[in-house]
Amino acid sequence: MSISSEHKPLGKQVTGSLHTVSKLSPIVELNVGGEMYTTTLSTLKKHPGSKLAEMFTGQPKLRTDSEGRFFIDRPGTYFKYILEYLRSNQVPTQCIQDVYKEALFYDIEPLIKQLEDSPQIFGELVARRQFLARVPNYSENIELMIRIARAEAVASRQSSVIVCVVRTEEDAARCQDALNSLDTDKKSVVKFGPWKAVPSISDLLDCIQMDVEAKGYKISFQPHVAEKGFRFKSHDFFYKFLFTWW
């Protein structure tokens, strides 16, 4: 009995010691979305205010996989760019949009700011997104286009959506007159505009195509051909967007 009582405290002490060493180990193995990485604790905590640093501050706040590696449920492909920046301050030149999303998630402020200065992110956030913010109900209209196209896709290879694009209030009034003579269900015509910004109608059409394609759809557009008796040139306002399903 004396031997047993001597060994029990010793066993607890060893176990506790190993657990403490494991938490404080300077070498960290990670499983990020199925991609395996090995780095140092100091690298992960390089920017103390970041979400990534907080994950490893104090007691680690992450689950582990079957091999004991810390698991982060994010796309592993882009974590290598995050890690490279933490190691050498090298700003990635590939997969900028995706790395930017990961930098936002991990809240690495210096990397976020440097990526926002890149032409890709600057053009999207400062130029294109600022323009689209001035187009009334832009995002809602994109979703409406998709709903109309899907509703008309039954037993068809393609479905079409008529879009009315007007840049000024005057054009909006003329468009309404033209719409009254359009031989189609007016509820199915999606109207964009007017807006107060430099980009043209063709710029907006490109944005519509870009954002619909970003949702996984195959789409093209062309000026809408007017029916007989149409009061204005159809290409002044109306465009047909074609969704191709197969």
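**Notes on the model**

1. Let me begin with K240, which lies in strand 7. Strands here are DSSP runs of E with at least two residues, and helices are runs of H or I with at least four, both numbered from the N terminus. K240 counts as partly exposed at 24% relative accessibility; buried means under 20% relative accessible area, exposed over 50%, and partly exposed in between, with a 1.4 Å probe and protein chains only. Setting aside residues up to four places away in sequence, K240 touches S160, V161, I162, S220, F221, Q222, P223 and H224, where contact means heavy atoms within 4.5 Å. K240 and S159 are 81 residues apart in sequence, and their C-alpha atoms are 9.9 Å apart in space.

2. A word on the basis of these notes. This is a predicted model, in which local features need pLDDT of at least 70 and side-chain atom pairs count only at pLDDT 80 or more, while totals for chains, interfaces and linings use all residues. Residues are numbered from 1 along each chain as its sequence is written, and side-chain values use heavy atoms, leaving out hydrogens and water.

3. Now the overall picture. The protein has 10 helices and 7 strands, and 38% of its 246 residues count as buried. Among contacts with a separation of 6 or more, 64% are between residues 24 or more positions apart.

4. N31 sits in strand 1 (residues 27-32). Is N31 buried or exposed? N31 is buried, because its relative accessible area is 8%. Beyond its neighbours within four places in sequence, N31 is in contact with M36, D65, R69, F70, F71 and I72.

5. On to the rings: the structure holds 11 aromatic pairs. Rings of Phe, Tyr and Trp (its six-membered ring) pair if their centres lie within 6.5 Å; planes under 30 degrees apart count as stacked, over 60 as edge-to-face and the rest as tilted. One of the pairs is Y37 with F79, edge-to-face at 5.3 Å centre to centre and with 65 degrees between the planes. Y37 belongs to strand 2 (residues 35-40) and F79 to helix 4 (residues 79-88), so this pair ties together parts that are 42 residues apart in sequence. Y37 is buried, at 14% relative accessible area, and F79 counts as buried too, at 1%.

6. Y217 and W245 form another edge-to-face pair, with 5.9 Å from centre to centre and 85 degrees between the planes. This pair links distant parts of the chain, 28 residues apart: Y217 is in the loop between helix 10 (201-213) and strand 6 (218-223), and W245 is in the segment after strand 7 (238-244). Y217 counts as buried at 19% relative accessibility, whereas W245 counts as partly exposed at 29%.

7. Please also look at the aromatic cluster formed by Y37, F79, F105 and Y106. R74 lies over the face of F105, 4.0 Å from the ring centre; a charge sits over a ring if NZ of Lys or CZ of Arg is within 6 Å of the ring centre and within 35 degrees of the ring normal.

8. Next, helix packing. The axes of helix 4 and helix 5 come within 9 Å and cross at roughly 65 degrees. Axes are lines fitted to C-alpha atoms, for helices over the stretch in contact, and angles run from 0 to 180 degrees between N-to-C directions. Helix 4 and helix 5 are therefore roughly perpendicular; angles under 35 degrees count as roughly parallel, over 145 as roughly antiparallel, 65 to 115 as roughly perpendicular and the rest as oblique. The contact is made by F79, Y81 and I82 of helix 4 with V99, E102, A103 and Y106 of helix 5.

9. Helix 5 (residues 96-106) also packs with helix 7 (residues 119-132), at an angle of about 75 degrees and with the axes 9 Å apart. That makes helix 5 roughly perpendicular to helix 7. I96, Q97 and Y100 of helix 5 make this contact with Q120, I121, E124 and L125 of helix 7.

10. Finally, the axes of helix 8 (residues 138-151) and helix 10 come within 11 Å and cross at roughly 60 degrees. Helix 8 and helix 10 are therefore oblique to each other. Y138, I142 and M145 of helix 8 meet L204, C207, I208, D211 and V212 of helix 10 in this contact.
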